[in-house]
Structures are given as structure tokens and as C-alpha cells.
Amino acid sequence: MDKKIPYKIYLKEDEIPTQWYNVRADMKNKPAPLLNPATLQPLKAEELEPIFCKELVRQELDNDTRFVDIPEEVLKFYKMYRPSPLVRAYFLEEALGTPAKIYYKFEGNNTSGSHKLNSAIAQAYYAKAQGLKGVTTETGAGQWGTALSMACSYFGLDCQVYMVKCSYEQKPFRREVMRTYGAKVTPSPSNTTEVGKKILAEFPDTTGSLGCAISEAVEAAVTQEGYRYELGSVLNQVLLHQTIIGLEAQAAMKKYDIKPDIVIGCAGGGSNLGGLASPFIGEMLRGEADYKVIAVEPASCPSFTRGKFAYDFCDTGMICPLAKMYTIGSQFIPSASHAGGLRFHGMSTILSQLYADGLFEARAVEQTSVFEAAQLFARVEGTLPAPESSHAIRAAIDEALKCKETGEEKTILFGLTGTGYFDLAAYASYNDGTMSDVIPTDEDIAASLAKLPKVE
């Protein structure tokens with residue numbers, strides 16, 4: 001080991017950032033505005049407020065404020081599990097025989113097991129401050145639903161979660177954690193909403209998707225007095241809250257004069273990658289530094305690598321606003337892969353614009369390769385990673401092996417934003433040799449993209 005760098009680098013409690021970073025303030029090309037699906041005109045705050053909390057709408061539309069103060073009540077909750085450690089992966093480096101230096105920001109040190117709590121507690125706080133009765137949401141693998149149920153329990157809010165059907169069945173214990181915190185959990189699509197009934201009528205055997213669950217959660221929010229909808233990824237407000245990850249990583253690295261050459265995050269809707277990478281990309285936008293940033297997505301749901309940069313619905317039921325993003329089409333139903341949190345058809349508008357502008361690269365990886373990397377990481381680093389985070393591990397290992405070939409001593413930083421202790425069915429599938437890779441055909445994606453809304 002390099003005696004100068006500890007295995008885990010912790011900030012002190014009083015060094016936790018007190019502001020979130022809004023990367024849009026530094027973007028020359030701002031993300032395209034959300035559009036009203038009926039008029040195709042940019043949505044105004046008053047049109048979004050029946051769906052989202054007022055303060056969250058303000059954050060969603062704010063392209064200019066670089067730093068946003070974190071409310072004291074949110075900081076108080078953060079201190080229950082933050083700061084999170086920046087870990088030097090000495091044992092992974094040794095196992096790979098690489099000259100690369102590998103670091104990961106570990107966000108799994110809370111009951112939700114992931115980074116999702118960073119935004120959940122903020123969104124629940126704003127709902128409580130507005131005097132609401134409760135909130136609705138969707139969840140894929142269950143991390144976001146678990147996090148929001150915890151946050152709602154803390155603030156005394158009702159929480160209704162629509163969980164993607166295949167994950168509801170694959171991860172029953174995640175469901176029970178949500179129920180333990182008081183949430184009502186419904187498999188999606190369901191017969192409890194009109195949009196759910198419509199989807200089931202057209203696709204009776206569907207395993208569900210995040211797009212389906214979003215449609216149901218939004219309908220549930222707007223049809224109940226005193227409720228609002230809250231989303232765990234994709235939205236500008238979510239990426240804002242998640243920048244606590246990247247800001248802490250920067251501060252921890254600064255303590256030891258560490259500067260990453262490569263920053264890696266998994267990508268489903270954008271909260272993971274955006275939370276870690278945004279502060280580093282901000283430095284790039286301001287001309288202060290240069291990094292190689294890599295987004296890693298599942299080959300079964302390849303929004304960046306095979307999608308189209310266009311306006312699309314954020315939900316399968318086509319009731320939500322239109323967002324300009326990299327998408328494979330809101331009508332695309334991905335295979336029931338084990339990385340449920342990455343099974344979204346589109347990508348954050350912020351990250352989509354940054355990707356279009358060439359600020360980072362993207363790659364798609366198959367799940368068997370992902371679990372190979374996850375198993376190695378678990379064996380040498382001692383933490384069982386979530387399938388979603390393991391996409392970033394796969395790319396980090398690949399980059400470290402390139403350094404082994406070239407002899408370059410690059411510094412790699414990736415986000416380990418979740419633990420895999422509720423994903424043991426997935427690990428069983430991999431260990432039993434029954435896991436397969438389902439990759440959509442060009443025809444599958446083209447058929448979905450053909451249904452994109454017509455926006456000039």
C-alpha cells in the first residue's frame with residue numbers, strides 16, 4: 001500500500017458541503033426545456049406545480065444559480081450517514097496487477113443501500129414544508145423507493161410506491177423494507193390506475209418498466225388531494241441534490257492532492273453519473289481542468305449508445321411532459337435485467353446535452369460481464385456491489401487493464417453507489433450459469449423510436 005494515502009478517506013462532519021452544485025449555470029448550451037405535451041410549448045412553473053412541490057419546480061427550472069443552499073433540516077439528516085468514504089481500491093489494483101490508482105466513492109452506508117437517499121430526504125423535506133399529506137413515486141430495483149420511504153417516515157408523510165413488476169417479484173425483501181418504513185408498494189403496471197389498466201390491456205404479460213411505473217405514480221399524485229409526485233433520477237432537481245457525492249469526492253481528494261484522470265459512473269436516468277461527475281464536468285466547462293468521463297449503461301437498455309437525441313415522453317403512458325434527451329423510445333419495454341435501476345428508456349436532459357456537446361463518452365456492457373466484474377470486486381474489496389454500480393466497476397476494471405498494457409499510471413475514480421445485498425437472486429443466476437444477455441435488435445429500437453412524438 002501507498003502509506004501516504006489511507007484505505008478510506010473521510011471528511012470531517014463540519015466539512016460536508018453546505019450547498020449543492022448546479023452544473024447548468026456553467027453550461028453554454030443549456031438543457032432544452034420541458035414541453036407541454038398538448039401545446040408543445042415550454043412548461044411554466046404553474047403548469048408543473050400540480051405535479052411537483054413548488055420549491056422543486058423552482059430548482060427544476062433554474063439554469064443560472066451555480067450553488068444552492070442545502071436546508072438545515074436536510075443537512076441534519078445527511079449527518080446520519082454522511083460524509084461517505086472515498087476508498088482507495090488497493091486490493092483491486094493488486095488483483096489486476098495494474099499501475100493505475102483506483103478510487104471509489106461509496107454511497108451504500110445507509111439502510112436504503114444507495115445514493116438515492118441524498119435526493120429523497122431533500123424532496124421529502126420540501127413536500128413537508130409545503131404542508132402536503134404525502135407523495136407518490138416509482139422505483140425500479142427498489143433503492144429509490146426504499147430511500148423515499150425512509151425520508152417520508154422521518155418527516156411523517158404518506159408514501160405510495162409503484163414498483164416495476166419484475167423487480168417487485170425479484171426483490172421481495174426490498175419491498176418489505178419499504179413497507180417497514182410505512183410505504184404502500186404496488187407492482188406496476190397495476191389495475192389501480194387508468195394508465196396501468198391501459199398498459200395491461202395492450203401488454204398483458206409485460207414485466208413492467210420504469211416508464212410504466214412513472215405513468216402510474218403521476219396519475220396517483222394528480223388524482224389525490226394533498227399529494228405530489230417525486231422522481232429519483234432524470235430530473236434536473238435530482239441531479240442537483242446528488243452533487244453532494246461529487247463535491248465530497250473533490251474535497252476528499254484535495255486533502256491528499258489527488259486529481260483523477262478518469263471519472264466513471266453507471267447511467268440509467270442520470271442521478272448516479274450526474275451526482276459524481278457534475279462537479280468535475282463543471283471544472284471542464286470553466287476551463288479549469290480536463291477529465292475523461294465515462295457513462296456506463298446496460299446493453300439491454302442503451303439510451304446513450306443506440307438512442308436518439310430527441311423530444312420524448314418520460315413515461316410509457318405518455319401523460320408526462322416531453323423532455324429532449326437521448327432515448328430509445330418511451331414505448332420500449334426493456335428485458336427483465338437484474339440492474340432494475342438502469343431500465344429507463346431515456347436519460348437526463350442535462351447529461352444528454354453534455355453528451356451531445358462531447359463532454360463525456362458512453363459505453364454499453366452486457367450483464368454477464370457486469371457480474372463478472374462485481375464478483376471480482378466483492379472477493380477482493382469485501383463489499384457486495386449492486387448490479388447498477390457494477391456497471392461502473394466493469395468500466396473501471398477495463399480502464400485499469402488498459403493501463404496495465406500501456407504502463408500508464410492513471411488515476412481512476414468511480415461511483416459505488418449501492419450495495420447488492422437485496423440482489424442475491426441476481427448473483428444466484430450468475431453463479432448458477434443461468435444468466436443471459438438480452439440485447440435489443442436494431443429493429444426493436446427502430447420500432448420504438450418510430451413512435452416518438454412529432455416535435456419541430
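Between which helix and which strand is the loop that holds Pro-83? In this predicted model, Pro-83 is placed in the loop that runs between helix H3 (72-78) and strand E4 (86-88). The peptide bond joining Arg-82 to Pro-83 is cis, and its omega is about 0 degrees.

A cis peptide bond is also found between Ser-188 and Pro-189, where omega is near 5 degrees. Pro-189 belongs to the loop between strand E8 (184-188) and helix H9 (194-202). Most peptide bonds are trans, and most residues other than glycine have a negative phi.

Positive phi values were computed for two non-glycine residues, Leu-40 and Asp-257. For Leu-40, phi is near 60 degrees. Leu-40 is located in the loop between strand E2 (19-21) and helix H1 (45-48). The relative accessible area of Leu-40 is 32%, and the residue is therefore classed as partly exposed, since this class lies between the limits of 20% for buried and 50% for exposed residues.

For Asp-257, phi is about 55 degrees. Asp-257 is found in the loop that lies between helix H11 (236-255) and strand E10 (262-266). With a relative accessibility of 73%, Asp-257 counts as exposed, because the exposed class covers values over 50%.

How values were computed: Residues numbered from 1 in each chain as written. Predicted model: local features only at pLDDT ≥ 70, side-chain atom pairs only at ≥ 80, totals over all residues. Heavy atoms only, no water. Helix = DSSP H or I, 4+ residues; strand = E, 2+ residues; numbered from the N terminus. Buried < 20%, exposed > 50% of the residue type's maximum accessible area, 1.4 Å probe, protein only.
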